[in-house]
Amino acid sequence: MTTTYKGGCACKAIRYEISGDPLRSVDCQCRDCTHESGTGHASHLVFLRADVKLTGTASTWEMTADSGNIKTRGFCPTCGSPVFMTFKAKPDIFSVRAASLDDPSVYKPQVVVYRASGYVWDNIDKSLPNFETMPPV
Ligand SMILES: [Zn+2]
Ligand SMILES: [Zn+2]
């Protein structure tokens, strides 16, 4: 059964509705994610862009990953919440933050990436498969 995933930013100016199931659920400990999240990792649910209905206007900024890929981070200009991320090299993919979901408890991380740049104080689930950097696709 397909679930509808709903969520958005803290002040509700940005909202999304996603009709498909996540392709991947990833805890990422890369420096970009720690810096931007303010804590030890960011939790991402990756969906097909075609399944996503987005309302409201996000501010965006681009960063270059270690891999050389350009990531675009979308956040709310009013409340500052990080909401989504898109990838220049993979325009069909749309990733949202687990805590932006109306019900974040549905997030089930499958994998941890960029373990090598994680911090010991970020007590992430050690039983999950993990990768030093990005796993091969
Ligand atoms: Zn907001
Ligand atoms: Zn990351």
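This is a predicted model: local features need pLDDT of at least 70, side-chain atom pairs count only at pLDDT 80 or more; totals for chains, interfaces and linings use all residues.
# Pockets, a zinc site and paired side chains

By class, six nonpolar, five polar and one charged residues make up the lining of the second largest pocket. The space in the second largest pocket comes to about 190 Å³. Its lining consists of Gly8, Cys9, Ala10, Ser37, Ala42, Ser43, Ser81, Pro82, Arg97, Ala98, Ala99 and Ser100. Arg97 comes up again below, among the salt bridges.

The largest pocket has a volume of about 680 Å³. It is lined by 30 residues, and those closest to its centre are Phe87, Lys90, Val113, Tyr114 and Met134. Sorted by class, the lining of the largest pocket holds 18 nonpolar, five polar and seven charged residues. Which helices and strands supply at least two residues each to this lining? They are β3 (24-28), α1 (31-37), β4 (42-48), β7 (70-75), β8, β9 and β10 (111-113). Several of these elements return in what follows.

Next comes the metal site. The zinc ion (ligand 2) is coordinated by the SG atoms of Cys28, Cys30 and Cys33, at 2.2 to 2.3 Å. Along the sequence, the donor residues follow the spacing C-x1-C-x2-C. Are Cys28 and Cys33 buried or exposed? Cys28 has a relative accessibility of 7%, so it counts as buried, the limit being under 20%. Cys33 has a relative accessible area of 2% and is therefore buried.

The salt bridges come next. The count comes to five salt bridges. One of them joins Arg73 to Glu36, with the closest N and O atoms 2.9 Å apart. This pair links distant parts of the chain, since Arg73 sits in strand β7 and Glu36 in helix α1, 37 residues apart. Arg73 has a relative accessible area of 1%, so it is buried.

Glu36 also forms a salt bridge with Arg97, where the closest N and O atoms are 2.2 Å apart. Here helix α1, which holds Glu36, is linked to strand β9, which holds Arg97, and the two residues are 61 residues apart. Arg97 is buried too, because its relative accessible area is 8%.

Another salt bridge is formed by the side chains of Lys88 and Glu62, at 3.1 Å from N to O. Lys88 belongs to the loop between β8 and β9, and Glu62 to strand β6 (residues 59-64), so this pair ties together parts that are 26 residues apart in sequence. Lys88 has a relative accessible area of 55% and is therefore exposed. Glu62, at 48% relative accessibility, counts as partly exposed.

The last topic is the aromatic rings. How many aromatic pairs does a search of the whole structure find? The search finds three. One of them is the pair of Phe84 and Phe94, with ring centres 5.0 Å apart and 25 degrees between the planes. This pair counts as stacked because planes under 30 degrees apart are classed that way. It links distant parts of the chain, with Phe84 in strand β8 (residues 82-87) and Phe94 in strand β9 (residues 90-97), ten residues apart. Phe84 and Phe94 are both buried.

Conventions. Residues are numbered from 1 along each chain as its sequence is written. Chains are lettered from A and ligands numbered from 1 in the order in which they are written. Side-chain values use heavy atoms; hydrogens and water are left out. Rings of Phe, Tyr and Trp (its six-membered ring) pair if their centres lie within 6.5 Å; planes under 30 degrees apart count as stacked, over 60 as edge-to-face and the rest as tilted. Helices (H or I, at least four residues) and strands (E, at least two) are DSSP runs, numbered from the N terminus. Buried means under 20% relative accessible area, exposed over 50%, partly exposed in between (1.4 Å probe, protein chains only). On a 1 Å grid over the protein atoms alone, a cavity is a set of points where a 1.4 Å probe fits but cannot get out, and a pocket is an open set with protein on both sides within 12 Å along at least five of seven lines; lining residues have an atom within 4 Å of a point. Grid points are joined across faces, edges and corners, and a volume is the space filled by probe spheres set on the points. Ala, Val, Leu, Ile, Met, Phe, Trp, Tyr, Cys and Pro count as nonpolar, Asp, Glu, Lys and Arg as charged, and the others, Gly among them, as polar. Donors are N, O and S atoms within 2.8 Å of the metal (3.2 Å for Na, K and Ca); water is not among the atoms, so sites may look incomplete. A salt bridge is a side-chain nitrogen of Lys or Arg within 4 Å of a carboxyl oxygen of Asp or Glu.
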